[in-house]
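Subject: Structure handover

Hi,

Here is the structure I promised to pass on. Please open it beside this email and follow along as you read.

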Amino acid sequence: MNFAFDLNSIWFILVGFLFAGYAILDGFDLGVGALHLFTKTDEQRRIMINTIGPVWDGNEVWLITGGGALFAAFPEVYATSFSGFYMAMILLLFGLIFRAVAIEFRSRQPMKRWRQFWDISFSVSSIFSGLLIGVALGNIAWGMPLNSNHEFTGNFWTLIHPYAVLVGITTVALFMTHGAIYAAMKTEGELNKKLKGWINRTIIFFVICYATTTMATLIYVPHMADNIKDNPVLFIIPVLNMLAIANIPREIHHGREFRAFLSSCAAVALLLALFGIEMYPDLILSNPAAANSLNIYNGASSSKTLTIMLIIAVLGMPLVIAYTSTIYWIFRGKVKLEATSY
Amino acid sequence: MDAVLLSRIQFGLTAGFHYIFPVLSIGLGMFLVIMEGMYLRTKDKVYHSMTRFWVKIFGLIFALGVATGIVLEFEFGTNWATYSRFVGDVFGSALAAEGIFSFFLESGFLAVLLFGWNKVSPRMHFISTVLVALGAHFSAIWIVVANSWQQTPAGYHIVQRGLTSRAEIVDFWRVVFSPSFIDRITHTFLGAWQAGAFFVLSVSAFYLLKNKHREFARNSMKIAVVIALFASIMQLVTGHLSADTIAETQPAKLAAFEAHFPSEAPAGLYLFGWVDEENQKTTGLQIPGLLSLLVHWDSSEPVTGLNTFAEEDRPPVNLVFQSYHIMVGIGMLLILLSLIGVLGWYNGMLFKNRFILKVFVVSVILPQIANQMGWFSAEVGRQPWIVYGLLRTSEASSKSVDAGQVITSLVLFGIIYLLLFILFIYLLDGKIKAGPEDDTGGGRQRA
């Protein structure tokens, strides 16, 4: 593979950037949700939800915008993947709706049953959403049966194969690690201690999944290693990724939670970068008929549209980054339950 | 039933359900800006307590708007893949701009609105309110840009790619300002402001009936009746301009609005009626020549009728006729109610007369119905086209999705949205009954 510095490649990177933003931000939201049921008291659960309280819906906007950008820049890819993953997408939507609703509704009634129900909804839908996102990624890497019109020809069960499920579980493990670190950063006292203990466990869980996925990829999906084989300098990405993960326990040990969180953000970003590098220039691999694959050229909008959108992105993204940072700055520090909290 | 029809039903259901919320967040957004602005200027505590109360309601509405809004973006891809391939080049820019310019603004600063009372200065909080309201309006702009392009495509050309063709952008600004855009976005904003104003009126009237939070309710109502009157009267203007544009750009839709079949005849305006599509007969009360007068300023000038179009190019007439007439009828009623509101404020009856207050309590439903019916007539009136004149709805769905899958998702959406709606009403009711807090700065601890 040779990297061509053209509009299509720029949009490949920009769409990747938006999805990476989503994975980093909503990743810890989903992770906090996945760990939610491990906390026991109502107060601890409230604190867990309130760590993500002011930011979760802004984080979900990254998915909406990523989806919008995919639609605009690569409409064929958007159409093929969203219709091909029909039931999976619908289930993901239900997962996200239930999550949103659970966060909103849990605090509205003090009854134990009410809260229990929404706690379970929140946690299960968080795990489920992460799992589905991972399964989708796994399928994109593995390849999906496409015909010459780039229409998906399988069904829901075509998508549920061991490799995809493995990537799904790995994604959940990654989000759990990321969420535990985020929650530790935002809490204090007993809960903070508890969460720090979980960080090590989630890291072990993640590393096991990650190693298994890597082996499975090298054995069954070897084309996902071609780009790095051709460009050995890119091997730096997986190395940096491992270093970022290894750095997490070190920072936690020294009590530097924010730096641990940055490390974990870097790990998520690097993992997606690795995925992107290996996919480039393809976007959806067709398996078995490889000729029907969609890439950044045959799946893209016209260069006119890509140019207009680049102008929109150049104008808009600095604003987005500015107000995302502003919001996180305003809500920095440990969570304290207040009148307006969830 | 086939997958196309099921997908249409699903899209209609999910879009209609979603649309309950953004009109309220647009309408309440503007209301919040006024209230918090008044607070900063006058330092009167009642405006502070109003802002705090309505922000909480806004938060609930916004959360449901986000949750149900993601569904629509996904559905373009899941259910309408062929359509997405066809319009992506044109439509995508608007959607991307919506995400980048509006959603981040809205959702980000909403956090400050809801949770930032003790973290930022009052001025910064007000700026956040303004930004959230702007974001809500921006998002409407971009989605109406995209929808208006579907109604009146402009600034594009058709490019053949292999066996299929698609629309590609030629001129971005002509895509944005397609012929129907300005009329439709103003009509949409005013509809949203009406929804917001009547919502505020309803809750406030409820408090006055219960003899609670009197000062809060009176002040809320004063702002709301002004917005309601302005929006309801202006709605006549934008509605008329919209119809004019439709007469020019989508004559089949206008003919369906008024069930006007013959092509070479002046057209009347029905106040109400029932259309027998088979025999092309409409029974109802009609003012002869009024449609001609409104379109051409001449009551004897003919208006293009449905007979000009081949049968397969006509929208379902009675459905469009009915939804359009319900919208117009409610529009008139809202003008009347707003006038009563303003006059009642003038002579004091608005805050005392129990009958007027009861009417305002239930009137919250009216702009909601009108907004739904307006979209319904706009979208069904565009049929059988998904992109007017370019792509038929019957050809636009996902080839890889069969009817069984859509039935499954449709049933699930039906159940989940019903539950969501019940929960929404339950929580809204709880918040309204709890009422505004006495303004002592801290507020009541939520258990």
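**Chain A overall**

Chain A has 13 helices and two strands. Its radius of gyration is 20 Å, close to the 20 Å that the globule rule gives for 342 residues, so chain A is as compact as a globular protein of that length. Please keep in mind that this is a predicted model. Every value below is computed from it.

Along its principal axes, the C-alpha trace of chain A spans about 55 × 40 × 40 Å. Of the 342 residues, 63% are buried. Contacts in chain A with a separation of 6 or more come 80% from residues 24 or more positions apart. The accessible surface is about 13100 Å². Carbon and sulfur atoms hold 71% of that surface.

**Chain B overall**

Chain B has 14 helices and six strands. Its radius of gyration is 23 Å. That agrees with the value near 22 Å that a compact globule of 447 residues would have. The C-alpha atoms fill a box of roughly 65 × 50 × 40 Å along the principal axes.

In chain B, 60% of the 447 residues count as buried. For contacts between residues at least 6 apart in sequence, 77% join residues at least 24 apart. Chain B exposes about 17600 Å². Carbon and sulfur atoms supply 66% of this area.

**Salt bridges**

Side chains of opposite charge can pair when their charged atoms come close. How many salt bridges turn up over all chains? The search of the whole structure finds 17. Three of them are worth a look on your screen.

Start with the pair between Glu76(A) and Arg85(B). Their side chains meet in a salt bridge at 2.7 Å, N to O. This pair crosses between chains. Glu76(A) sits in helix H4 (residues 75-84) of chain A, and Arg85(B) sits in helix H4 (residues 81-115) of chain B. Are these two residues buried or exposed? Both Glu76(A) and Arg85(B) are buried.

H4(A) is mostly covered, with ten of its ten residues buried. Among them are Pro75(A), Tyr78(A), Phe82(A) and Gly84(A).

Next, go to Arg106(A) and Asp119(A). They form a salt bridge, with the closest N and O atoms 2.5 Å apart. The pair links distant parts of the chain, 13 residues apart. Arg106(A) is in helix H5 (residues 86-106) of chain A, and Asp119(A) is in helix H6 (residues 112-142) of chain A. Both residues, Arg106(A) and Asp119(A), are buried.

Last, look at Arg382(B) and Glu379(B) in chain B. This salt bridge has its closest N and O atoms 2.9 Å apart. Arg382(B) counts as buried because its relative accessibility is 4%, under the 20% cut-off. Glu379(B) has a relative accessible area of 22%, so it is partly exposed.

**A serine in a chain A loop**

Where is Ser286(A)? Ser286(A) lies in the loop between strand E1 (282-284) and strand E2 (294-295) of chain A. With a relative accessible area of 5%, Ser286(A) is buried. Its side chain reaches the backbone oxygen of Ala289(A) at 2.6 Å. Leaving out residues up to four places away in sequence, Ser286(A) touches Met144(A), Leu146(A), Asn292(A) and Ser293(A).

**A nonpolar patch on chain B**

A nonpolar surface patch of about 520 Å² is made by Phe230(B), Met234(B), Leu236(B), Val237(B), Leu241(B) and Met332(B). Which helix gives the most to the patch? Helix H8 (residues 214-249) of chain B does, with five residues.

Leu236(B) is one of the patch residues and lies in helix H8 of chain B. At 45% relative accessibility, Leu236(B) counts as partly exposed.

Best wishes

Definitions and conventions: Residues are numbered from 1 along each chain as its sequence is written. Chains are lettered from A and ligands numbered from 1 in the order in which they are written. This is a predicted model: local features need pLDDT of at least 70, side-chain atom pairs count only at pLDDT 80 or more; totals for chains, interfaces and linings use all residues. Side-chain values use heavy atoms; hydrogens and water are left out. Patches are made of residues with over 30% relative accessible area and no salt bridge: like charges are joined within 9 Å, nonpolar side chains (Val, Leu, Ile, Met, Phe, Trp, Tyr) within 5 Å. Accessible areas come from the Shrake-Rupley method with a 1.4 Å probe; for residues, only the protein chains shown count as cover. A salt bridge is a side-chain nitrogen of Lys or Arg within 4 Å of a carboxyl oxygen of Asp or Glu. Helices (H or I, at least four residues) and strands (E, at least two) are DSSP runs, numbered from the N terminus. Buried means under 20% relative accessible area, exposed over 50%, partly exposed in between (1.4 Å probe, protein chains only). The radius of gyration is taken over C-alpha atoms; the globule rule is 2.2 Å times the number of residues to the power 0.38. Contact means heavy atoms within 4.5 Å. A polar contact is a pair of N or O atoms within 3.5 Å; within protein, one must be able to donate a hydrogen and the other to accept it, and residues adjacent in sequence count only if both atoms are side-chain atoms.
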